[in-house]
Amino acid sequence: MLKIGLTGGIGAGKSEVSRLLAAHGAVIVDSDVIAREVVAPGTAGLKAVVAEFGEGVLAADGSLDRPALGAIVFADPARLRALNAIVHPLVRARSAELEAAAAPDAVVVHDVPLLAENGLGPLYDKVIVVDAADEVRVERLVRLRGMTEQEARARMAAQASRADRLAIADLVIDNSGPLEQLAPRVAEAWERLTACR
């Protein structure tokens, strides 16, 4: 089994690279998807979050009210640490289950947005960084996600710098250009990865 860490700054195109790697046969373990799973209605994760933060973080349908929770944790680093102490171990456990279920010769790609920020590079055989110029990322966030330029730059500033991400990369996939240029770059990265097995 080859364990790959996949990361990239907001707007770089990491999700599209993940989709393309899956099309090549990679087993994708998506931390964002799992983070939602572990606090879905009826889970021990959601019960723990409500016990820590109160009923005010629940929506009318009993699901997690993410904006309400975000308003609490992003205004107070101690509260964010409390949330992470609940969610991160659950995400790690579920990620390990999914990895263990993969075939012994699989290429397992862990899609981890905060890989660089949390110093997780050593957990993987290889780290792929999806990279795009800051101005390209700002333009995408404004055009595709409806952010203002100021919001886009603030979200980018809250993440690791491009230099920090590139410093941990074994492979860099440049996604500064149009989408049609991405598929051949991912195919080339796939060839390099599978040659390592």
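Q: What makes strand E3 (residues 107-111) mostly covered?
A: In this predicted model, five of the five residues of E3 are buried, and a residue is called buried because its relative accessible area is under 20%. Val-107, Val-109 and Asp-111 point one way from the strand while Val-108 and His-110 point the other way, and all are buried.

Q: How do you know that E3 pairs with strand E1 (residues 2-8)?
A: Two strands pair if at least two bridges are found between them, and five bridges join E1 to E3, the two running parallel. Within this pairing, Leu-6 stands opposite Asp-111.

Q: What makes strand E2 (residues 27-30) a partner of E3?
A: Against the requirement of at least two bridges, four bridges join E2 to E3, and these strands run parallel. Asp-111 in E3 is the bridge partner of Asp-30.

Q: Why are helix H3 and helix H5 called roughly antiparallel?
A: The axes of H3 (residues 44-53) and H5 (residues 77-101) come within 10 Å and cross at roughly 165°. Angles over 145 degrees count as roughly antiparallel, and H3 and H5 are therefore described in that way. The crossing of H3 past H5 is right-handed.

Q: Which residues of H3 and H5 meet?
A: Gly-45, Ala-48, Val-49, Glu-52 and Phe-53 in H3 meet Arg-79, Ala-82, Leu-83, Ile-86 and Leu-90 in H5. The residues of this contact divide into seven nonpolar, one polar and two charged, with Gly counted among the polar ones.

Conventions. Residues are numbered from 1 along each chain as its sequence is written. This is a predicted model: local features need pLDDT of at least 70, side-chain atom pairs count only at pLDDT 80 or more; totals for chains, interfaces and linings use all residues. Side-chain values use heavy atoms; hydrogens and water are left out. Buried means under 20% relative accessible area, exposed over 50%, partly exposed in between (1.4 Å probe, protein chains only). Axes are lines fitted to C-alpha atoms, for helices over the stretch in contact, and angles run from 0 to 180 degrees between N-to-C directions. Angles under 35 degrees count as roughly parallel, over 145 as roughly antiparallel, 65 to 115 as roughly perpendicular and the rest as oblique. A crossing is left-handed if the near helix is turned anticlockwise from the far one by less than a right angle, and right-handed if clockwise. Contact means heavy atoms within 4.5 Å.
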